[in-house]
Each structure stands twice: as C-alpha cells, then as structure tokens.
Amino acid sequence: MACPLKTTDPRGAVVNEAIDLRVDLERPDFHLGCDLSLPSSGITVLFGSSGSGKTTLLRCVAGLETTFKGRIAIGEHVWFDDAKAINLPVWRRPIGYVFQEASLFDHLSVKQNLHFGLKRIKDKSLATQDLSDAVELLGIGTLLDRHPNALSGGERQRVAIARALATRPTLLLLDEPMAALDHKRKQEIMPWLERLRDELKIPMLYVTHSFQESARLGNHMVRLENGAVLRSGPLNQVMGQPNDSAVTSITAIIEAKVREIDSNWHLARVSFGEGQLWMDASHLTLDQAVRLQVAARDVSLTTSEPSQSSIQNVLPARIVSIQDGVEPSQAVISLDCHHTTFFALVTRKSVETLALAPGKMVWAQVKSVALLS
C-alpha cells in the first residue's frame with residue numbers, strides 16, 4: 001500500500017510528518033474555525049453532533065470547499081494556502097474519499113468498479129498491486145464478479161474503501177461510512193476498519209457522531225461543536241473529559257493483549273503496559289490484540305489494598321488530577337495505573353473523607369471490563 005508520510009531529521013532518523021489544518025470559513029449562519037496539527041498515522045476521529053462542522057472540515061481538506069481562509073498541509077506538501085494563492089484542485093490532491101453511500105456503478109461488476117478508480121493513476125503497475133493488496137486486506141476477493149445490487153451494505157462499503165485505496169492516496173477521508181448501515185451491517189464492517197487502522201500506514205480522518213465507533217476505531221480525536229474545536233488529542237485523553245455532553249460516559253480506552261485463557265473459570269488475563277486485567281474470555285483467543293473499555297463509574301478507590309473482595313481487578317494507581325463531575329456531588333479522578341490512564345467517578349464527599357489529592361497512591365478496583373466489539 002502507499003507509504004506513510006515521513007521525512008528524515010538531521011540525524012537520519014525517520015520522523016512522521018504532521019497534518020496541519022487551519023481553516024476559517026464564514027457563512028451567513030455558520031462559522032468554522034480550527035487550527036489543528038494531527039498525527040500522520042492511525043485514525044483521527046472528527047467527532048460531534050450534526051451541524052458541528054465535521055463534514056465541512058473534511059470537504060476543505062479534499063478541496064471541495066474553497067471559499068475559506070487558512071492552510072492545508074500534509075507535511076511539507078501544501079494543498080491550500082490563501083496567503084500564498086495556493087489551491088490544488090481536487091484531482092491533484094492524493095486523497096481517497098469514502099462517503100456515507102458507497103456510490104458504486106450498478107451496471108459494472110465489483111472488479112470493473114475497482115478498476116474505474118485507476119484511470120487517473122499514471123503508474124498502473126504500482127496501482128494494480130495496491131488494488132490487489134486492498135482487495136485482500138478488505139476480504140472482497142470473492143465479490144469481484146458480482147454487481148453492487150447483489151451486495152450487502154457492508155460489502156458495498158468495503159468495495160468503496162478498496163476503490164479509494166486503489167488511487168494510492170496519502171490521506172484517506174471517511175465521511176460517516178457506517179451511517180447508512182443497520183447494526184448488523186455495522187458489526188460486519190467494523191473488523192475491516194480495525195484492520196485498516198492496524199495494518200495501513202495511511203493516516204485517516206474519520207467523521208462520526210457515534211461514541212461507540214470513536215471508542216473502537218479512533219487513535220486521536222477532535223471534538224467539534226458549532227464549528228469550534230473543543231478538544232483535540234489522544235482518544236483516551238479527550239474521552240476522559242468531564243462536563244462534555246456529547247461524551248455520555250467518561251471512559252478509559254485501553255490497548256491490551258490476551259496472555260492467558262483460564263478455561264476452568266472462563267476468564268482471560270490481558271496485559272497492558274506493565275499491568276494486567278482479568279475479563280470474560282468469550283470470543284477471545286491467546287495472543288489476540290484487544291481494545292478494552294473501562295467506564296469511570298465502574299472504578300472505585302481505596303487507600304489501602306483490599307483483601308477478601310469479590311472484585312478480581314485491583315490495581316495500584318497514582319492520582320493525576322481531580323475534576324468536577326457533571327453532577328455537583330461528583331468528582332472525576334484521573335489515575336495512572338502502570339503508565340496507563342484510567343478514570344474513577346466518585347462522590348466529592350469521598351474525595352474529602354479519603355483525603356484524595358493529586359500524587360496520592362491508591363488502589364483502583366475495576367468492577368467491569370468491556371471488550372470493544
């Protein structure tokens with residue numbers, strides 16, 4: 001597939017280049033303003049409610065919006081800069097764009113749809129190889145002779161993504177690719193999107209208003225509201241912010257690996273950083289990489305190590321910060337557990353009674369661990 005955006009520092013080390021988006025777009029009833037530096041790998045989720053500016057920002061990146069001020073640059077490659085009168089047309093921007101609807105040609109087979117996207121590629125041999133890789137990556141080899149009207153919604157979107165990848169993009173844009181799918185079809189396509197995230201070196205901007213999609217797929221998150229950036233940062237950092245009406249549950253997202261399956265008790269031991277958790281072993285296999293969700297409401301704190309407890313997961317932790325919760329009686333505590341961030345939702349009375357403060361060592365009792373699937 002296409003190589004990641006990289007450059008070399010003076011010492012010869014490989015350095016990832018940032019995606020810089022500075023947009024100032026004014027309309028009679030809407031203003032989009034952002035100044036972002038985004039990572040050049042993984043999935044950056046553009047998250048917010050309808051009308052927050054997610055798709056408009058994506059269209060600015062793609063070159064479909066031009067009546068704005070600012071700068072769009074992928075590393076050293078400047079696509080738009082109004083101060084320097086730079087505005088590359090859409091066809092000169094090396095992007096792949098996946099819309100809510102697959103927009104395939106029904107009169108063409110899947111194979112013909114895929115090859116249609118190669119027309120503007122000069123190096124056909126490399127593009128053909130990339131297309132072959134995309135077909136394998138997205139598991140659509142058995143669909144090539146079928147027509148779009150004979151595909152499920154999830155299959156159509158996988159074909160649309162493969163077609164976008166066939167153009168050898170340096171940036172993949174996905175505008176709510178699962179919005180038109182029912183729950184079953186979303187579950188069908190989600191593992192393929194995870195595979196894209198984990199195996200491709202192409203950065204992706206992913207528009208959604210779904211908390212679940214964000215938690216399962218994202219690496220980085222940009223929270224938009226009414227055209228303004230509320231927060232931008234690593235997924236776990238943004239999702240752990242209290243007083244955010246769009247984030248309905250303060251949650252820690254944890255990357256882990258299955259290290260042991262206890263068939264007697266149907267439990268799995270998963271490791272993260274230097275720590276470990278026990279969880280339900282259903283659908284898990286040894287050495288499987290997993291993404292876990294631990295809600296703040298499922299974490300309680302104690303100042304001494306508990307014994308004779310029904311809670312299986314008790315972790316030593318250091319309090320990083322204490323913030324007000326949504327309710328006046330609540331406090332959200334950020335914890336460093338084995339160099340991984342967890343959150344605990346407790347009462348303010350507990351904060352005072354236990355003399356909780358940043359820097360204090362506590363024990364975090366994790367009552368529930370959910371597999372993001």
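Good morning. I shall begin with confidence, since the structure before you is a prediction. The protein chain has an average pLDDT of 88, and 91% of its residues score at least 70. Among the elements of the chain, the lowest mean pLDDT, 37, belongs to strand E1, residues 6-8, and the highest, 97, to strand E22, residues 361-366. Across residues 1-15 the pLDDT is below 50, although this stretch has 27 contacts in the model beyond near neighbours in sequence. Where pLDDT is low, predicted coordinates should not be read in detail.

Let me turn to the nonpolar cores. Which residues have the most contacts inside the largest core? They are Ile 161, Leu 165, Leu 193 and Leu 196, in a core of 45 residues. Helix H4, residues 153-165, gives the most to this core, contributing six residues. If neighbours within four places in sequence are set aside, Ile 161 is in contact with Val 98, Leu 138, Leu 174, Ile 189, Leu 193 and Leu 196. There is also a second, separate core, of 36 residues, and Ile 254, Val 299, Ile 319 and Phe 342 are among its members.

Ile 319 brings us to the strands. In the pairing of strand E19, residues 313-324, with strand E20, residues 330-337, Ile 319 stands opposite Leu 335 of E20. These two strands pair in the antiparallel sense over six bridges, and they form a hairpin with five residues between them. E19 also pairs with E22 in the antiparallel sense, again over six bridges. In that pairing, Val 314 stands opposite Gln 365 of E22.

Strand E15, residues 267-272, pairs with E16 over six antiparallel bridges, and Ala 268 has Met 279 in E16 as its bridge partner. Strands of a sheet pair through backbone hydrogen bonds, either parallel or antiparallel.

Most residues other than glycine have a negative phi. His 266, however, has a positive phi near 60 degrees; this residue is in the loop between strand E14, residues 251-262, and E15. Glu 176 is another non-glycine residue with a positive phi, of about 45 degrees, and is placed in the loop between strand E10, residues 171-175, and helix H5, residues 183-199. Are these two side by side in their exposure, or do they stand as buried and exposed? Glu 176 is buried, at 12% relative accessibility, whereas His 266 is exposed, with a relative accessible area of 55%.

Next, helix H1, residues 54-62. This helix is mostly covered, with seven of its nine residues buried. The buried residues are Lys 54, Thr 56, Leu 57, Leu 58, Cys 60, Val 61 and Ala 62. Just after the helix, Gly 63 takes a positive phi of about 95 degrees.

How many disulfides does the structure hold? The number is zero. The closest cysteine sulfur to that of Cys 34 is in Cys 60, at 7.6 Å, which is too far for a bond. Cys 34 is itself buried, with a relative accessible area of 7%, and Cys 337 is buried at 0%.

Finally, the aromatic residues, where the count comes to four pairs. The ring centres of Tyr 97 and Phe 99 lie 4.2 Å apart with the planes at 15 degrees, so this pair is stacked. Tyr 97 is buried, at 16% relative accessibility, while Phe 99 is partly exposed, at 40%. For Phe 105 and Phe 116 the centres are 4.9 Å apart and the planes stand at 65 degrees, so this pair is edge-to-face. The latter pair links distant parts of the chain, 11 residues apart: Phe 105 is in the loop between strand E9, residues 95-98, and helix H2, residues 110-116, and Phe 116 is in helix H2. Phe 105 is partly exposed, at 31% relative accessibility, and Phe 116 is likewise partly exposed, at 36%.

Thank you for your attention.

Note on methods. Residues are numbered from 1 along each chain as its sequence is written. This is a predicted model: local features need pLDDT of at least 70, side-chain atom pairs count only at pLDDT 80 or more; totals for chains, interfaces and linings use all residues. Side-chain values use heavy atoms; hydrogens and water are left out. Two strands pair if DSSP finds at least two bridges between them. Helices (H or I, at least four residues) and strands (E, at least two) are DSSP runs, numbered from the N terminus. Buried means under 20% relative accessible area, exposed over 50%, partly exposed in between (1.4 Å probe, protein chains only). Rings of Phe, Tyr and Trp (its six-membered ring) pair if their centres lie within 6.5 Å; planes under 30 degrees apart count as stacked, over 60 as edge-to-face and the rest as tilted. A nonpolar core is a set of buried Ala, Val, Leu, Ile, Met, Phe, Trp, Tyr and Cys residues joined through side-chain atoms within 4.5 Å. Contact means heavy atoms within 4.5 Å. pLDDT is the predictor's confidence in each residue, from 0 to 100. A disulfide is a pair of cysteine sulfur atoms within 2.5 Å.
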